[in-house]
Amino acid sequence: MAMTARQRAKVSLYVQAGIFVVAVAAVIIAVDWKTVGNSVFNFAKIGPMFPDIFLVGLKNTLIYTALGFIVGLSGGLLLALMKLSSFPLYRWLATGYIEFFRGVPALLVFIAFGYGVPLAFGVQWDVFVIVMISLGMVAAAYIAETLRAGLQAVPKGQMEAARSLGMPHWRAMVSIVIPQAFKIVLPPLTNEVILLTKDSSLIYVLGLTASQFELTKFGRDGISSLGAGLTPLLVAGAFYLVITIPLSLLARKFESRSARTKR
Amino acid sequence: MNNSTGSTAAVRAAGVNIKDLRKSYGSNEVLKGISLTVEPGQVVCLIGPSGSGKSTLLRCVNLLEQPNAGTINVGSFEATDPDVDLNKMRQSVGMVFQHFNLFPHLSVLENCTISQTKVLKRSKSEASDVARRNLERVGLGHFADRFPDQLSGGQQQRVAIARALSMDPQLMLFDEPTSALDPETVGDVLAVMRKLAQEGMTMLVVTHEMGFAREVADRVVFMDAGVVVEEGPAENVISAPTQPRTKEFLRRVLDPTHIDVAD
Ligand SMILES: Nc1ncnc2c1ncn2[C@@H]1O[C@H](COP(=O)(O)OP(=O)(O)OP(=O)(O)O)[C@@H](O)[C@H]1O
Ligand SMILES: [Mg+2]
């Protein structure tokens, strides 16, 4: 039977709505709501998590992320410039670094810098230093690729015009190319911060004192001490969203702005 | 050429001397031994079919491209000397590109001051005086606070000329400055260039504007396939060419009914 395009669209809409209703109904029927209520949505018992998860956990997650980002951004810029260098050795070193740190799990990097390096060299590092190094070094690898793409997205004519005005290469980079690349990379860079925020949870592999706990650690401790099942993790997860959703909105705003001023 | 009694100071013009210039990209020899002289204060127009090497020649003069052989002298600089102070030399050579290459993140005024302050180390106020004077000179004094994307193509190109002039160049290179413009804005740009020529600026201009060449150029150079085929006073080369290749080229450019697929 022949249908018009409009009829077809209508049928398709009904089918999709039907699938949704059936799926939701299946979940409602299949789930054991009593157990879920006790062990996932048991908000009555989570009182003791507050206010520390907020004052200490959230604060530390933000600090760890910021430390990782600062190191990652500086390292990433250096690596990006090395990767675009005319000196082959720099390019190889940067490529090797980037491929290595993007290729191994961040967790291994945390263990290596948290236990391996201090043990091997007999040094005692503060947790903040370990986070700064491990998170920063992983972030640098990802950020480097983002920045390299941004730098290469600036039209070649910009560098040529700057050099034609007598600017040395470094000056043209600093005053002309990097500011334009920065606008281009702002959205992907914001996404890097979101990834970093989540990666900061890997710090749980290190031995932490109470004042160094971050969100995930609070969630895990809550599971064993509060008897509210997984509810503390849900709370910790909600706090992550408090950080990441605004960042995500920010990234989208940057994106639409750069789309508007695109020529 | 006589300096006009304009508001601007007389130009300190430099000459250009090119001898046996060769340039290859891989195995493709693009310039096959070019010799060309531009006396101080002279205007030389470079014409020729697409791919004949005009842009490459121009870009060799301020070393945006590295020649493979031959010598180039610009004023007191030997551009092809490996020890030449490239940035110093480029300060005295203004370059105007087909696609303007204005800095989109800077205002019109900042486009004209950034190199003065960062390279020539002029004070902010001096640089901005010079910039405003040169923006007046190209008829855009009241656009200083705009951004490049708020200007028409013709206005952008005049800003690009003002930007180059703000470095007090002794030689100006133009690479098809009107080719990317809407027909109605071409005239404004050519008028600025004509005035510049009258003020005694040395100019090397790649152009398809035969009217401009005939009227303003002291000499016209016709290039084809990497060699200078014919050169001389404009009235000779354009109005009474002797070489078959020149005749063929001019017939195609000057015949308005001819459709050039390559353009
Ligand atoms: N960066 C490059 N790499 C390889 N080949 C190049 C490069 N730049 C130019 N060429 C080649 O050199 C030749 C001359 O190019 P050029 O741009 O100088 O020509 P042109 O006379 O300016 O042409 P048009 O009128 O189209 O601008 C062309 O064959 C071109 O393909
Ligand atoms: Mg060209």
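Mentor: Before we start, residues are numbered from 1 along each chain as its sequence is written, and chains are lettered from A and ligands numbered from 1 in the order in which they are written. In this predicted model, local features need pLDDT of at least 70, side-chain atom pairs count only at pLDDT 80 or more, and totals for chains, interfaces and linings use all residues, while side-chain values use heavy atoms, with hydrogens and water left out.

Trainee: Happy to begin with the interface: how many residues does the contact take from chain B and from chain A?

Mentor: Contact means heavy atoms within 4.5 Å. By that rule the contact takes 24 residues from chain B and 19 residues from chain A.

Trainee: Which residues form the salt bridge between chain A and chain B?

Mentor: A salt bridge is a side-chain nitrogen of Lys or Arg within 4 Å of a carboxyl oxygen of Asp or Glu. The count between chain B and chain A is one. Its closest N and O atoms are 2.8 Å apart, and the partners are Glu160(A) and Arg59(B).

Trainee: Good, and what about salt bridges elsewhere: how many residues apart are Arg137(B) and Glu199(B)?

Mentor: Their closest N and O atoms are 2.7 Å apart, which is a salt bridge by the 4 Å rule. Buried means under 20% relative accessible area, exposed over 50%, and partly exposed in between (1.4 Å probe, protein chains only), so Arg137(B) at 14% is buried and Glu199(B) at 7% is buried. Helices (H or I, at least four residues) and strands (E, at least two) are DSSP runs, numbered from the N terminus. Arg137(B) lies in helix α4 of chain B and Glu199(B) in the loop between α6 (183–198) and β8 (202–206), so the pair ties together parts whose separation in sequence is 62 residues.

Trainee: Now the rings: is the pair of Phe87(A) and Tyr90(A) stacked or edge-to-face?

Mentor: Rings of Phe, Tyr and Trp (its six-membered ring) pair if their centres lie within 6.5 Å; planes under 30 degrees apart count as stacked, over 60 as edge-to-face and the rest as tilted. Phe87(A) is partly exposed at 43%, and Tyr90(A) is partly exposed at 40%. Their centres are 5.0 Å apart and their planes at 80°, so the pair is edge-to-face.

Trainee: Last one: where is Ser85(A) placed?

Mentor: Ser85(A) is buried, with a relative accessible area of 16%. Leaving aside its neighbours within four places in sequence, Ser85(A) is in contact with Tyr90(A) and Arg91(A). Its place is in the loop between α3 (52–83) and α4 (88–103) of chain A.
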